[in-house]
Amino acid sequence: MKKHIVTACLYTAITAVLLGVVYPLLITGLAHLAFPAKANGSLLTRNGEVIGSHLIGQPFTGPAYFHSRPSAAGTGYDAANSSGSNLAPTNKALVDRVAASVSTEAAATPVPIDLVTTSASGLDPDITPAAALYQVPRVASQRGLPEATVRQLVISHTKPRQLGLLGEPTVNVLDLNLALDQLKP
Amino acid sequence: MSLNGSLQISLFIATILLLAKPMGTYLTHVFEGRKTFLDPVAGPCARLLYRVTRIDPAHEMRWTEYAISMLVFSGVTALLTYGIERLQHFLPLNPQHLANVEPALALNTAISFTTNTNWQSYSPESTMSYLTQMLGLATHNFWSAAVGMALAVAFIRGIARRESKTLGNFWVDLTRGTLWVLLPLSIVFSLALVSQGVVQNFKAYDTATLVEAQKITGADGKPATVTTQTIAQGPVASQEAIKMLGTNGGGFFNANSAHPFENPTPVSNFLQMLSIFLLPAGLAVSLGQMVGSPKHGWAVLAAMVVLWFAGTLTCYWAESQPNPLLHNVDQHVSLTQSGGNMEGKEVRFGIANSALFATVTTDASCGAVNSMHDSFTPLGGMVPMVNILLGEVVFGGVGAGLYGMLVFVIMAVFIAGLMVGRTPEYLGKKIESYDVQMSMLYLLIFPFIILGFAAVTVLMPNLGLSSLANHGPHGLSEILYAYTSATGNNGSAFAGLNANTHWYNYSLTVAMFFGRFMMIIPMLAIAGNLARKKIVPASAGTFPVTTPLFTLLLTGVIVIVGALTFFPALTLGPILEHLLLHAGHTF
């Protein structure tokens, strides 16, 4: 038995260094050589200041911006506290929260479902093209832009399925709103 | 449901079936000690490791020694992780100065990662330091997967060998699984993930200035303004790769593979799903090759694919349905949205990839999630639960799935033998009373733990009911899912349940521990017993294990055992919730 324990301890010590230290350091080195920006979080800067990450959603709730999805991460889009709501479809809290979101979208027509539901991570950077197009009239009127211009902006920021097949078409809300600010602050 | 969704699902399974044979052939070469292209690199490393640890690679072990080595190794590695967690505040690579992990949670986590479960009662980005994640947790992702593979190979040897007392050498199998399979695959896969945007760094969390400052109600109830966003970072890609390849599933972040830094694009998502099934599918092919009946491997794989397909179809259909309680929302599939039940799902994955991932991660005992199972429709959420309840044999965990499946194979040939009134045989080995007893023990421990703990939790209101996030039948589903996931060593959750309490931390620890080791011991006993037997020549009365009829019988046995055991519990949880949802009830 003692022999088994000694073997196990030695084996654990050596493989722990290999798998728990050497391996992640090797990957970090290679990642920073090949994809430095991505390995560091695909950060966006404006005037030298970090204003977010391409991959991490931000809250947008004002009428002049395209809204992002509701978020259950911390107080909303807390990227140090990723989380879904975990509300069941029969939970009254879910039904009430969706109804409240629907009313803030001032909905004359049915709201695309992703715009009133929380994502799994609470950090979803995207909305569906349906949700972006839905918001075009509001954003256009708030910014004093023709609807066609804003619609064109949405279409040019719509990412098709990857390789033409995988995933779903998306619109990155942060990218879209930054482009909107550039077009007409 | 859409045409594109069906295409993506078909592409996924087609790719797995294409990869199964090359992967399986490679695994056979590795575990039979034959020549492989990695020998020039891995060979010297292995020899050095054997020399330093004084392992004699030629030493053959009986099933008992194999089991003892495995248990001692698991114990030592669990202690190491427990120690690192308890001391992380004093150790390096903790830029957020996270505190030491408290004992109940540290124990739960150490056992969770040792047993390949990766149940997480905590939120990693606010609990575990970088060092704990890489040295305490990611190492287990390698070890527990390599242990699973070693055990599966030992079982296969039990079937393949004749009149032999031994099953191989645990340390050699462990080393070959790690150095020839898991580590090289992880290196390639983690770089592929970084190319998609998965982060890999050791810096402190970034602070970004929000483009639009937000007015919120603060924790004290007063209005507050949020102007910044703290962005958690870490050595994610290296851990993510082995988390999926080893069917571990423990996320670097709380949101797991839904977090954009863990799974940023549909391509990374596709690769992650492939990497869950890659080794289990390969091992099924290996089984056929190592026992000298390649068709048997494919017949077993076919049963796995049938059960996977049934689960995927059900889940995809259920999640595509609108929630009837929501009004004035557009839940229909169209060219510009995937519609359906989007609560707890990411836009880039939509309905098809969320349902497929949920099915794949619970078929295999992975437990990573790219959507929140707790928010699934009642029937959609029942699919992941049923997948685990079937015993984690539909592909299953790396290694663990295959040996679980082989126990069902023994039951299937036993039942076939009963039907025709002959002593059952499996690949020339007579299946006798001892083998069937051990198989039944294996099959009964599982529901005993799950239903036992769930019943105690439900009956004792002071123990765990205050942890529920959802009430009514869904509350029962949350508890049932927790013990199912722990005992099946899956690790996914109906995550609304707050499991970071003493009751859940300790009881789930027991469930994970027994769900792994109490099932391995009867399994190894069967392997040891089979290895000793003679081969009897096949006769006209032998039930062939290479035909579609065998696949059908095997699938039937799995479904019937699972349904008979768990159907009553499921009627009170997801099935009742489904009926109430459509009757307009809320809780």
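## Close-up views of chains A and B

**View 1. Helix H6 of chain A and its surroundings.** In this predicted model, the buried residues of helix H6 of chain A pack against strand S2 (49-53), strand S4 (126-127), helix H4 (129-143), helix H5 (147-156) and strand S6 (170-172) of chain A, together with S1 of chain B. The helix spans residues 173-183, and its buried residues are A:Val173, A:Leu174, A:Leu176, A:Asn177 and A:Leu180. These residues lie on the same side of H6(A), because they cover an arc of only 165 degrees around the axis. In general, an α-helix has 3.6 residues a turn, so residues three or four places apart point the same way.

**View 2. The contact between chain A and chain B.** On one side of this contact stand 95 residues from chain A, and on the other stand 109 residues from chain B. Within the side of chain B that touches chain A, the largest share comes from strand S1 (residues 206-217) of chain B, which supplies nine residues.

View 3. Strand S3 (residues 111-112) of chain A pairs with strand S3 (residues 329-330) of chain B in the parallel sense, and two bridges join them. In one of the pairs to look for in this view, A:Pro112 has B:Asp330 in S3(B) as its bridge partner.

**View 4. The hairpin of S1 and S2 in chain B.** Strand S1(B) runs antiparallel to strand S2 (residues 223-231) of chain B, and eight bridges join the two. B:Thr217 stands opposite B:Pro223 in S2(B). Five residues lie between the strands of this hairpin, and B:Gly221 takes a positive phi near 85 degrees.

**View 5. The two domains of chain A.** Chain A is divided into domain 1, which covers residues 2-39, and domain 2, which covers residues 43-183. The centres of these two domains of chain A, taken over C-alpha atoms, are separated by 39 Å.

**View 6. B:Asn498 in its loop.** B:Asn498 is found in the loop between helix H15 (473-487) and helix H16 (502-532) of chain B. This residue counts as partly exposed because it has 14 C-beta neighbours inside 10 Å, whereas a residue would need 20 or more to be buried and 12 or fewer to be exposed. Although B:Asn498 and B:Ser466 are 32 residues apart along the chain, their C-alpha atoms are separated by 8.5 Å.

Terms used:
Residues are numbered from 1 along each chain as its sequence is written. Chains are lettered from A and ligands numbered from 1 in the order in which they are written. This is a predicted model: local features need pLDDT of at least 70, side-chain atom pairs count only at pLDDT 80 or more; totals for chains, interfaces and linings use all residues. Two residues are in contact if their C-beta atoms, placed from the backbone, lie within 7 Å. Helices (H or I, at least four residues) and strands (E, at least two) are DSSP runs, numbered from the N terminus. Two strands pair if DSSP finds at least two bridges between them. The arc is that of the directions from the helix axis to the C-beta atoms. Domain bounds come from an automatic or database domain assignment.
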